[in-house]
Amino acid sequence: MATEAQQREGLPTGFLSEGPSRDGDLRWYAIHVPEGREDAVAGKCRQLLGSDLVEDCFVPKYERYIKREGAWRIVVHPMFSEYVFVSTRDVRALAKALGQLSFPAPLVGRRGRTYAPLSPSVQAWLESVLDEAHVLRASEGRIEGGVLQVERGPLRGCEGRVRKINRHKRMAYLRFDEGGEGDCVLQAALNVPVKN
């Protein structure tokens with residue numbers, strides 16, 4: 001069951017690991033930032049925090065279809081409003097460096113004297129589907145005999161994670177049931193023009 005603190009953090013339930021990472025492991029941590037300032041804070045953190053401390057600082061995003069004036073377009077949205085992800089091997093030094101910045105950028109997932117990174121399986125999945133710009137690109141598939149088959153895009157091979165499809169909005173809702181923590185849901189663009 002999710003703790004009250006995890007629910008307040010705003011990330012999907014089960015996204016954070018229950019325990020701390022081992023020293024030296026490259027793990028992703030979430031930073032809470034003001035809504036709409038995600039890209040600006042990520043840029044400042046990349047600029048102000050040394051590459052010896054932070055290997056990457058980014059805003060994970062996803063493509064989304066929108067219909068304007070009768071035509072479908074793809075736009076890019078933050079995957080998690082108000083969050084920036086940082087990859088580091090030393091979370092204690094990262095927390096200290098973030099505390100010395102001139103703007104608020106607190107780590108989430110405090111567990112006693114340290115912080116919880118993203119769940120290893122969530123981090124691995126995101127690493128496998130996000131491109132070099134940290135964007136989950138749109139996928140395309142078909143439904144045959146009630147079974148989804150993703151033919152193109154990063155969701156190919158991830159059909160088992162699809163909880164629901166909204167064909168009208170060209171959107172898939174992905175499930176993450178991490179260690180019995182509940183049902184985490186992410187959105188991803190999925191065009192399914194054929195259903196037999």
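I take buried to mean under 20% relative accessible area, exposed over 50%, and partly exposed in between (1.4 Å probe, protein chains only).

I am working with a predicted model, in which local features need pLDDT of at least 70 and side-chain atom pairs count only at pLDDT 80 or more, while totals for chains, interfaces and linings use all residues. Residues are numbered from 1 along each chain as its sequence is written, and side-chain values use heavy atoms, with hydrogens and water left out.

I looked up strands E3 (residues 61-68) and E4 (residues 71-78), which pair in the antiparallel sense over eight bridges. Strands (E, at least two residues) are DSSP runs numbered from the N terminus, and two of them pair if DSSP finds at least two bridges between them. I noted that Arg 68 has Ala 71 in E4 as its bridge partner. Two residues lie between the strands of this hairpin, where Glu 69 takes a positive phi near 50 degrees.

**Salt bridges.** I counted seven salt bridges, each a side-chain nitrogen of Lys or Arg within 4 Å of a carboxyl oxygen of Asp or Glu.

I found Glu 63 bridged to Arg 137, with the closest N and O atoms 2.9 Å apart. Glu 63 lies in strand E3 and Arg 137 in the loop between strands E8 (135-136) and E9 (139-144), so the pair ties together parts 74 residues apart in sequence. Glu 63 is buried at 11%, whereas Arg 137 is partly exposed at 31%.

I also recorded Glu 140 with Arg 152, at 3.0 Å between the closest N and O atoms. Arg 152 is partly exposed at 48% relative accessibility.

Conventions: Helices (H or I, at least four residues) and strands (E, at least two) are DSSP runs, numbered from the N terminus.
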